[in-house]
Amino acid sequence: MSPLKKIPFIFSDNRWVVPNRELEGIRLTSLFDISLDDFSSYEHDQVIDQSAYGAHILLDMQKEVLEQEDYQLLSMREALAVLSFEEFQHLAKAWQYAIFLRTHRYCGQCGDAMQKVQWEMAMHCYTCGHRSYPRVSPCIIVSIRKDDKILLAQGVRHQRAGFFSTLAGFVESGESLEQAVHREVKEEVGIEVKNIEYFGSQAWPFPHSIMVGYLADYAGGDLVLDKKEILSADWFDIDALPKIPPKLSIAGLLIEETLKRIQQLE
Ligand SMILES: [Zn+2]
């Protein structure tokens with residue numbers, strides 16, 4: 001068997017390095033056009049995954065900002081907009097590993113330097129035996145229906161993009177995913193929900209979340225907004241929707257599914 005082709009995932013500061021060409025044409029296969037000779041001063045023997053593309057190599061320039069006209073730097077959100085769902089998951093994994101290695105150079109228990117474990121993605125402290133694994137932080141995201149209307153909210157962090165989306169929030173320690181759905185909805189918009197149904201999930205490397213998606217129905221209460229998180233929220237008719245997130249995000253897929261269910265009612 002011939003050795004697997006190397007596919008380099010290169011990060012410079014908090015951006016992804018890709019060949020300098022039209023954004024619309026960027027695919028994972030574009031990475032094969034990167035010359036590893038251009039990056040020979042960095043460690044690049046870390047195989048972090050294998051896929052149909054080949055052996056995934058992580059090459060992290062850390063805080064150094066690449067300045068070379070053959071390449072351009074994309075934010076993870078820009079990458080999300082151009083890659084397919086499956087391609088983005090490979091990128092998300094590489095980026096989350098890079099962040100993990102950057103943030104676990106020293107032991108959180110005794111403060112000594114940590115070493116990379118060779119046979120799994122982990123950092124180990126040989127002084128005290130503490131071992132760390134890449135952090136994954138679960139976040140619930142929920143689309144809520146009330147008869148023939150959908151609840152959409154403009155979060156404080158969505159203000160710049162100008163769109164309305166589903167509600168989302170981090171799961172707290174000791175909480176089940178379903179409890180997190182009830183609590184977040186109550187905290188952010190003041191209502192109760194029922195018929196919580198699992199929909200699907202998406203790795204969300206901003207910086208290390210997994211979005212766990214749910215559909216739910218309105219059960220009671222008036223909209224009372226937590227102004228620290230939510231700028232505005234309302235029940236929308238499906239033919240008078242505000243600007244919503246793209247379908248490739250789980251928020252977009254949840255909204256699409258809710259609209260489909262409302263249409264089936266009519
Ligand atoms: Zn230690």
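User: Is K228 buried or exposed?
Analyst: The model is predicted: local features need pLDDT of at least 70 and side-chain atom pairs count only at pLDDT 80 or more, whereas totals for chains, interfaces and linings use all residues. Residues are numbered from 1 along each chain as its sequence is written, and side-chain values use heavy atoms, with hydrogens and water left out. A residue is buried under 20% relative accessible area, exposed over 50% and partly exposed in between (1.4 Å probe, protein chains only). The relative accessible area of K228 is 71%, so this residue counts as exposed.

User: With which residue does K228 form a salt bridge?
Analyst: A salt bridge here requires a side-chain nitrogen of Lys or Arg within 4 Å of a carboxyl oxygen of Asp or Glu. For K228, the closest N and O atoms of the pair are 3.9 Å apart. The partner is D226.

User: How many helices and strands does the protein have?
Analyst: These elements are DSSP runs, numbered from the N terminus: helices are H or I runs of at least four residues, and strands are E runs of at least two. The C-alpha trace that holds them spans about 60 × 50 × 40 Å along its principal axes. Of the 266 residues, 49% count as buried. The count of elements is four helices and 14 strands.

User: Which parts of the chain does the pair R15 and E78 tie together?
Analyst: The two side chains meet in a salt bridge of 3.8 Å, N to O. The pair joins parts that are 63 residues apart in sequence, because R15 and E78 belong to separate elements. R15 is partly exposed at 34% relative accessibility, and E78 is partly exposed at 33%. The parts tied together are strand β2 (residues 15-19) and helix α1 (residues 76-82).

User: How many residues apart in sequence are the parts tied together by R145 and D217?
Analyst: R145 and D217 form a salt bridge whose closest N and O atoms are 3.3 Å apart. R145 lies in strand β9 (residues 137-146) and D217 in strand β13, so the bridge links two strands. Both residues are buried. The separation of the parts in sequence is 72 residues.

User: Which residues provide the protein donors of the zinc ion?
Analyst: Donors are N, O and S atoms within 2.8 Å of the metal (3.2 Å for Na, K and Ca); water is not among the atoms, so sites may look incomplete. Here each donor is an SG atom, at 2.3 to 2.4 Å from the zinc ion. Along the chain, the donors follow the spacing C-x2-C-x14-C-x2-C. They come from C107, C110, C125 and C128.

User: What is the geometry of the zinc site?
Analyst: Four donors count as tetrahedral if all angles lie between 85 and 135 degrees; four count as square planar and six as octahedral if opposite donors are over 155 degrees apart and all others between 65 and 115, and anything else is irregular. The angles among the four donor atoms of the zinc ion are 102 to 115°. The site is tetrahedral.

User: Which residues does V117 touch, not counting residues up to four places away in sequence?
Analyst: V117 lies in the loop between β6 (115-116) and β7 (123-124), and it is buried at a relative accessible area of 2%. Its C-alpha atom is 9.1 Å from that of R131, 14 residues apart along the chain. Contact means heavy atoms within 4.5 Å. On this basis V117 touches A122, M123, H124 and R131.

User: How much area is buried between domain 1 and domain 2?
Analyst: An automatic or database domain assignment sets the bounds, giving domain 1 (6-103) and domain 2 (137-265). The contact takes eleven residues from domain 1 and ten residues from domain 2. Buried area is the accessible area (1.4 Å probe) that two parts lose on being put together, summed over both. Carbon and sulfur atoms give 71% of the total, which is about 980 Å².

User: Which residues are in contact with S209, leaving aside its neighbours within four places in sequence?
Analyst: S209 lies in strand β13 (residues 209-220). With a relative accessible area of 4%, S209 is buried. The residues in contact with S209 are Q96, S137, C139, F170, A203 and W204.
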